[in-house]
Amino acid sequence: MEFIKGENLNSMTAIKVENFSFRYIQANRQNCGNLGYKQALENIDFEVSAGEKISIIGPNGAGKSTLLLNIAGLMDEYFDLKLNNNCGKIFIYGKQINIKNIYDIRQQIGFVFQNPDDQLFSTSVFEDVAFGLVNFLNKNKDLRANDKDYIKETVYLTLNKVNLKNKEDEIPHFLSYGEKKLAALATILSYDPEILILDEPSSNLDPRNRDNFINLIKSLGKTMLISTHDMDLAYEFSERCLIINDGKIVYDGSTKEILKNKDFLLENGLNLPLAFRNS
Ligand SMILES: Nc1ncnc2c1ncn2[C@@H]1O[C@H](COP(=O)(O)OP(=O)(O)OP(=O)(O)O)[C@@H](O)[C@H]1O
Ligand SMILES: [Mg+2]
């Protein structure tokens, strides 16, 4: 699939989600194994312009990860929409995700999983960060995939960016949880995809790494979606937010405005950002 880059990027719609509903198939124990369903998303509609940053906010189980995984083309086991009675469309740069292009879409969107153990599988941090980069270059027939110096330099630069300098030889499994989150972010920053989707990126980061992380993601001129319960992160990160509750979008608009609305937030299983408490 051709990925469109260029001067007019900012006037384009990068992501469009149209009337999208999604349900998981669940084994229904009460029914001796007959299939049951869990409706995770209902009639989701929104668009993201190229270069726009959006926070997806919602309580546990609201459907944030499900939405982001679908946008990134990572739900192919559920892709037979007729079978699951799922419906709706997702477009990336105007192309509807379908079973034929789902693997190409994955190359174009950098996805950082909520659980970093889902992302890190190599025997060293270096290898994990190099893996995505080499894969991306190979896919684009870019000869730098075989240039060991280029790979090394890019991996080191990326680890530096996420404050993991000198961690390249560590075994990812033994990093602290916060360090794993940063290493997982590095695995996608290394190949510089146009769209970044980060699922709960700030959880378990210490204050210094959290600040470093927020400055870093704010400085990236990318289309970005992050899901978070960290209201202060949403407040700092993006002018626009979506609030999801029980699989539905209950708000799409100014982050600053809605995060002052205590009653609305409490109604939707959320709370005021720390910055607004006791004021
Ligand atoms: N693989 C699955 N099979 C069945 N149900 C699932 C599966 N994954 C998620 N669900 C259900 O779908 C709903 C939405 O889950 P999801 O993980 O998208 O929520 P979330 O907003 O990301 O929550 P959290 O803040 O806890 O990460 C939940 O009720 C969850 O139990
Ligand atoms: Mg989640």
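This is a predicted model: local features need pLDDT of at least 70, side-chain atom pairs count only at pLDDT 80 or more; totals for chains, interfaces and linings use all residues.
## The nonpolar core

Now for the inside. The largest nonpolar core has 68 residues, and those touching the most other members are Ile56, Ile71, Leu185, Ala186, Ile197, Leu225 and Ala234. Helix α6 (residues 177-189) is the top contributor to this core, giving seven residues. In general, nonpolar side chains tend to be buried together in soluble globular proteins.

Take Ala234 as an example: leaving out residues up to four places away in sequence, its contacts are Ser55, Ile57, Thr228, Cys241, Thr255 and Leu259.

Strand β8 covers residues 223-228, and six of its six residues are buried. Side chains in a regular strand alternate between the two faces of the sheet. In β8, one face carries Thr223, Leu225 and Ser227, the other Met224, Ile226 and Thr228, and all of these are buried.

What does β8 pair with? Strand β3 (residues 53-57) runs parallel to β8 and is joined to it by five bridges, with Ser55 opposite Ile226. Strand β7 (residues 195-199) also pairs with β8 in the parallel sense, over five bridges, and here Ile195 has Thr223 as its bridge partner. Together with helix α7 (residues 207-219), β7 and β8 form a right-handed β-α-β unit.

Methods:
Residues are numbered from 1 along each chain as its sequence is written. Chains are lettered from A and ligands numbered from 1 in the order in which they are written. A nonpolar core is a set of buried Ala, Val, Leu, Ile, Met, Phe, Trp, Tyr and Cys residues joined through C-beta atoms within 7 Å. A residue is buried if 20 or more other C-beta atoms lie within 10 Å of its own, exposed if 12 or fewer, and partly exposed in between; C-beta atoms are placed from the backbone. Helices (H or I, at least four residues) and strands (E, at least two) are DSSP runs, numbered from the N terminus. Two residues are in contact if their C-beta atoms, placed from the backbone, lie within 7 Å. Two strands pair if DSSP finds at least two bridges between them. A crossover is right-handed if, with the strands pointing away from the viewer, the path from the first strand over the helix to the second runs clockwise.
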